[in-house]
Amino acid sequence: MAPLVSGVPHAAALIGPGSEVLAFDTARSADHDWGPRVLVFVAAGRVAEVEERVAAGLPERFRGFPTVFGYHGRVRPGVTVTELGRWLVERLGFDPRSGVGLVDWLSSPWQSLAEVTGGEVFHDGLAEPGLEAVRQALRWYPADVWRYVLACQWRRIAQEEPFPGRCGEVGDELGSAVVGARLAREVMRLALLLRRRYPPYAKWLGSALARLPGSAELGESLGAALAARSWREREDGLAAAYGRVAALQNRMALAERLDERVRGFHDRPFRVIGGDRFAEALMAAVSDPVVRGLPVAGCVDQVADAVDVLTRPDRARAVTAAALGLTT
């Protein structure tokens, strides 16, 4: 590629959509939308010129693979030439080079943030702020936004943690299992957020958790909860998992240290961690008055799970702003 963009300030990277960007690809990944790919970012006025260079000079094959292949319904070169700001707005709904505001952070899906900050940059020759500056700006939430998102994740657990037992108590083991699985997902996301990892979408969530250092025991607890045939066994697995993420939050020292043990749910025979305790402690540690005043509803991944919202930045921003009473 380098000779084809000689003399043109540019950045080249493999970021954005694609399982290979986050290193989740396997041999199965190559059965569709797959081939040698790279994004080349140039100034807006030079996009057409560089596209022409690529079309004229791109070899037919690279390391034995065709360089023109079907990708998302179109047969096209694996080299995409675009302007950085345009690409960022298409992916995120805003250009971080102009700053990243509260709505920007909370309306950007975790998968999109992971895709922009993951992958590899091969060359960054754009005028500052360039591609690496953008990636650094989005690497992780500001401290108060992080606490807020974590608080909202604990609130999601708090809202359903007694339900596996309540369903089981009336003989609804199916309902108990469904709620237990939902809670397992929330715990997995919480563990990743506590370790400064953007949770990927459902297909790769378990794989991402398995990569976390020290996650084996948490995974075993959640696995036991999901494999349980009775609500009491399910509760045992979830209780162990809750204790582990509570201990992790205490180690991160993001808020007041709290008792990590599960306890009874009022006078009912169900064991819970009391997720609202952790949510309240995190919100109490937030210093930004705007963030502290937000409803504890969360970022777009926490208020919506429709793919057609999370993959459309305009919809993601509108949903987030409406849910939190913010202005886009």
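Residues 24 or more positions apart account for 70% of the contacts in the chain with a separation of 6 or more, where contact means heavy atoms within 4.5 Å. The model is a predicted one, in which local features need pLDDT of at least 70 and side-chain atom pairs count only at pLDDT 80 or more, while totals for chains, interfaces and linings use all residues. Residues are numbered from 1 along each chain as its sequence is written, and side-chain values use heavy atoms, with hydrogens and water left out.

The chain contains 16 helices and ten strands; these are DSSP runs, numbered from the N terminus, with helices (H or I) of at least four residues and strands (E) of at least two. Its C-alpha trace spans about 75 × 45 × 30 Å along the principal axes. Of the 328 residues of the chain, 49% count as buried, a term that means under 20% relative accessible area, whereas exposed means over 50% and partly exposed lies in between (1.4 Å probe, protein chains only).

Two helix pairs show how elements of the chain pack. Helix H8 (residues 173-194) and helix H10 (residues 216-227) pack at an angle of about 170°, with their axes 9 Å apart; the axes are lines fitted to C-alpha atoms, for helices over the stretch in contact, and the angles run from 0 to 180 degrees between N-to-C directions. That angle makes H8 roughly antiparallel to H10, since angles over 145 degrees count as roughly antiparallel, under 35 as roughly parallel, 65 to 115 as roughly perpendicular and the rest as oblique. On the H8 side the contact is made by Gly180, Ala181, Ala184, Val187, Met188 and Ala191, and on the H10 side by Leu218, Leu222 and Leu226. The residues of this contact of H8 with H10 divide into eight nonpolar, one polar and no charged; here Ala, Val, Leu, Ile, Met, Phe, Trp, Tyr, Cys and Pro count as nonpolar, Asp, Glu, Lys and Arg as charged, and the others, Gly among them, as polar.

The other pair joins helix H6 (residues 143-160) and helix H11 (residues 231-252), which pack at an angle of about 160° with their axes 13 Å apart. H6 and H11 are therefore roughly antiparallel to each other. H6 passes H11 in a left-handed crossing, meaning that the near helix is turned anticlockwise from the far one by less than a right angle, with clockwise giving a right-handed crossing. H6 contributes Trp146, Trp154 and Ile157 to the contact, and H11 contributes Tyr242, Val245, Ala246, Gln249 and Met252.

What of the cysteines? The structure holds zero disulfides, a disulfide being a pair of cysteine sulfur atoms within 2.5 Å.

The region around helix H4 can be followed residue by residue. Glutamine 111 lies in helix H4 (residues 110-117) and is buried, with a relative accessible area of 15%. Leaving aside neighbours within four places in sequence, glutamine 111 is in contact with Leu22, Pro199, Pro200 and Tyr201. Glycine 118 sits in the loop between H4 and strand E8 (120-124) and counts as buried at 15% relative accessibility. Not counting residues up to four places away in sequence, glycine 118 touches Leu14, Ile15, Val21, Leu22 and Arg135. From glycine 118 to proline 289 there are 171 residues in sequence and 31 Å in space, C-alpha to C-alpha.

Some loops have backbone features to inspect. The peptide bond from glutamate 128 to proline 129 is cis, with omega near -5°, and proline 129 is placed in the loop between E8 and helix H5 (131-137). Arginine 63, in the loop between strand E3 (61-62) and strand E4 (65-66), has a phi near 50°, a positive value in a residue other than glycine, and is exposed, with a relative accessible area of 74%. Histidine 266, in the loop between strand E9 (263-265) and strand E10 (268-272), likewise has a positive phi near 50°, and histidine 266 is exposed, with a relative accessible area of 69%.
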